[in-house]
Amino acid sequence: MLILEFLVKRIAQGLLIVFITSLIIFTLLRVVPGDPVRLIVGGMAPPDVVEKVATKMGLRDPIIVQYGRYMRGLLQGDLGQSYLRPRSGMIAAGGQYVDPTKSDMALVTDLILERLPFTLQLGGMALLFALLISFPVGIAGGLHQHRWRNALAFGMQSLFVSIPNFWLAIVLILFLSIKLKLLPALGYQGFSYVILPALVLAVEIAPFIIRTLTTSLGEVMQAPFIDEARVRGLSRRRIVYSHALRNAAVPLVNLLGIQLSTLIGGVLVIEYIFDYPGLGNLTVVSVVGRDFPVIQGIAITTSAVFVFINIIVDLVAYLIDPRVEI
Amino acid sequence: MTATTVIAAEPEPRLARIRSVNRRILAAAWGMSSFKVGFFVFIALLLASAIYPEVSSVSATKMVVKDKFLAPVYLGDKWTWDHVLGTDQLGRDILMRSLIGLRYSLLVGIVTVLLIFIIGCGLGLFAGFKGKWWDTIIMRITDAQLSIPMIILAITILGVSRPTVPTIIIVLALSGWPLYARVARSAAVAERGKEYVRGLRVLGAGDWRILLLFAAPNILPPIAFVAVLDVARMMIFEAILGFLGLGIQPPTPSFGSIIADSRKYLLNAWWIGTIPGIFLAVALTSINLMGSALEKARNRIYGGL
């Protein structure tokens, strides 16, 4: 019952958050200078044509009216149509006039659903790699607070957090992909294309996991119940893996919820560099092209994903340690 | 680690009690070799980027086409002592460009974190201390802001307006404050229930007086120590923006745009992208070493670790 109540409350709050997010992005896009119509009709079009198209698209209405119209569509599951992408998949270049009011533009919902699986795949792999890297290092560092293993965890964390992701991406592409021809890098033609970008992302996430794991495991290992477990005659392996780690996992799970936005931000840049056909790449292209409906759609999607994962995170934290308040 | 034994060997209880918690954290951090290494490297880079461009006659933006693609000293078949770290595709000195880039990077990083700290902690303290409606409203806005990834917000704003140093700082600060608000709020909520706050209430002190004069000095320093780490994070974000073409605009050099341009020449002139990358990575490592040492010291003093 407690869990049900929690879910209802959090989902209601989550909807509110997504609503505020969409309002922020919607307003920002229209307040900040930069007219999408100018890009759609091309630089040479006379101003009265720009105005005519803008009025027809509803971009000259008051923001609140536009937002109301957008919300009405959103409630019916309609995120609008892209300004720039026709259904066929080609991007309409500036000057090459495509009438954005016609129905042959791609639906934002389709664009996002098409790419979301790719991004989720990349994010999932990155998380997996990050856990594989950081668990051995983090656990060793946490168990031996004042030894070289702790220093190793500390050094690795400081180094990894200091490598700019885009620079690492370029260097890895140069060495692993171009020079050694071990892994493919650009585009997407199969599962092997995920590995390199996922590795770069993993290096970005791993330091946070290592840091939290060493600190929380170190704290837990000093708790009285660990000494008692020793007195009860449990083996060291048993103490560490089934008692200490379980308690140390709560801060770790919480961290994943908080660091999610870092992860999403990282995904965006990495996808752009690797030309990976995910949401991040779509975002960069849409922002440069001022494709308002797509940007709004992506912002709503990411904030929904963020809210959803944070609910899961709190739930998991509660299941691991029922003393955690939810 | 020798550093920890030094600390353990020096307890002298009387002295430790007199020194404030913050001084003890600083002293503990200073005792770690990683902090000292980071500190000296950071100071060296800071001085180099502040002084060298002022005294040197080399220009960071002047193009000398006949000097293009010069390798760093002893590292290629064409190099001169005039350009110690080589030149780029337009014959500009890489050392100078890296140092100027570092200057902007540090400027953006430090100012942004100061702003974030002020905005985030201010709102967080206020929300936590006032409670009730203020708390709910501020924290829900924080949640909404937190759910928009920083980069999406940044490129949305910078992508449509002309990126200059102040706009970059504002955008980064705008997207960075929520975490601080959360941390400061939870600290303020914990502080609100403490004995001394209730005591002050009984003595008739107002909310603001308690908050600013008594609670803030307890809550803020631990957050400030960790904020050092965020300087590095903001520098990375600045570089990412530059890389996407949304950072400081050319011809002013910035790490991101230099590295983005160098991609084309990676195979035959590796130094154009690699050297600025190393500069950036070294600067970030030095800041992170200091930051993590401070964090570790803080955890040790507060948590007894």
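Contact here means heavy atoms within 4.5 Å. With that in hand, here's a quick tour of a predicted model, from the fold of chain A down to a few residues in chains A and B. Chain A holds 12 helices and 2 strands, and the largest nonpolar core runs to 183 residues.

**Chain A overall**

- Going along the sequence, the elements of chain A come in the order α-α-α-α-β-β-α-α-α-α-α-α-α-α.
- Chain A has 326 residues, and 53% of them count as buried.
- If you take the contacts in chain A between residues at least 6 apart in sequence, 72% of them link residues at least 24 apart.
- The accessible surface of chain A is about 15300 Å², with carbon and sulfur atoms accounting for 67% of it.

**The annotated stretch**

- An unreviewed UniProt entry lists residues 116-317 of chain A as "domain: ABC transmembrane type-1".
- In the model, residues 116-317 of chain A are 85% helix and 0% strand.

**The nonpolar core**

- Phe274(A) and Ile155(B) have the most contacts inside the 183-residue core.
- Helix H10 of chain B (residues 207-243) gives this core its largest share, 18 residues.
- Setting aside neighbours within four places in sequence, Phe274(A) is in contact with a list of chain A residues that includes Ala169(A), Ile173(A), Leu186(A), Pro197(A) and Val200(A).

**Ile270(A)**

- Ile270(A) belongs to helix H10 of chain A, which spans residues 236-274.
- With a relative accessible area of 0%, Ile270(A) is buried, because the cut-off for that label is under 20%.
- Beyond residues up to four places away in sequence, Ile270(A) touches Asn165(A), Pro197(A), Val200(A) and Leu201(A).
- Pro197(A) is 73 residues from Ile270(A) in sequence, yet their C-alpha atoms are 6.3 Å apart.
- Pro197(A) and Val200(A) turn up in the contacts of Phe274(A) as well as in those of Ile270(A).

**A nonpolar patch on chain B**

- Leu107(B), Val111(B), Leu115(B), Ile118(B), Ile119(B) and Leu123(B) make a nonpolar surface patch of about 450 Å².
- One of them, Ile119(B), is in helix H5 of chain B (residues 94-130).
- Ile119(B) has 34% relative accessibility, so it counts as partly exposed, a label that covers values between the 20% and 50% cut-offs.

Terms used:
Residues numbered from 1 in each chain as written. Chains lettered and ligands numbered in written order. Predicted model: local features only at pLDDT ≥ 70, side-chain atom pairs only at ≥ 80, totals over all residues. Heavy atoms only, no water. Core = buried A, V, L, I, M, F, W, Y, C linked by side-chain atoms within 4.5 Å. Buried < 20%, exposed > 50% of the residue type's maximum accessible area, 1.4 Å probe, protein only. Helix = DSSP H or I, 4+ residues; strand = E, 2+ residues; numbered from the N terminus. UniProt positions renumbered as here; feature names shortened; annotations may be inferred. Patch = residues over 30% accessible without salt bridge, like charges linked within 9 Å, V, L, I, M, F, W, Y side chains within 5 Å. Areas by Shrake-Rupley, 256 points an atom, 1.4 Å probe, with all protein chains shown as cover. Salt bridge = Lys/Arg side-chain N within 4 Å of Asp/Glu carboxyl O.
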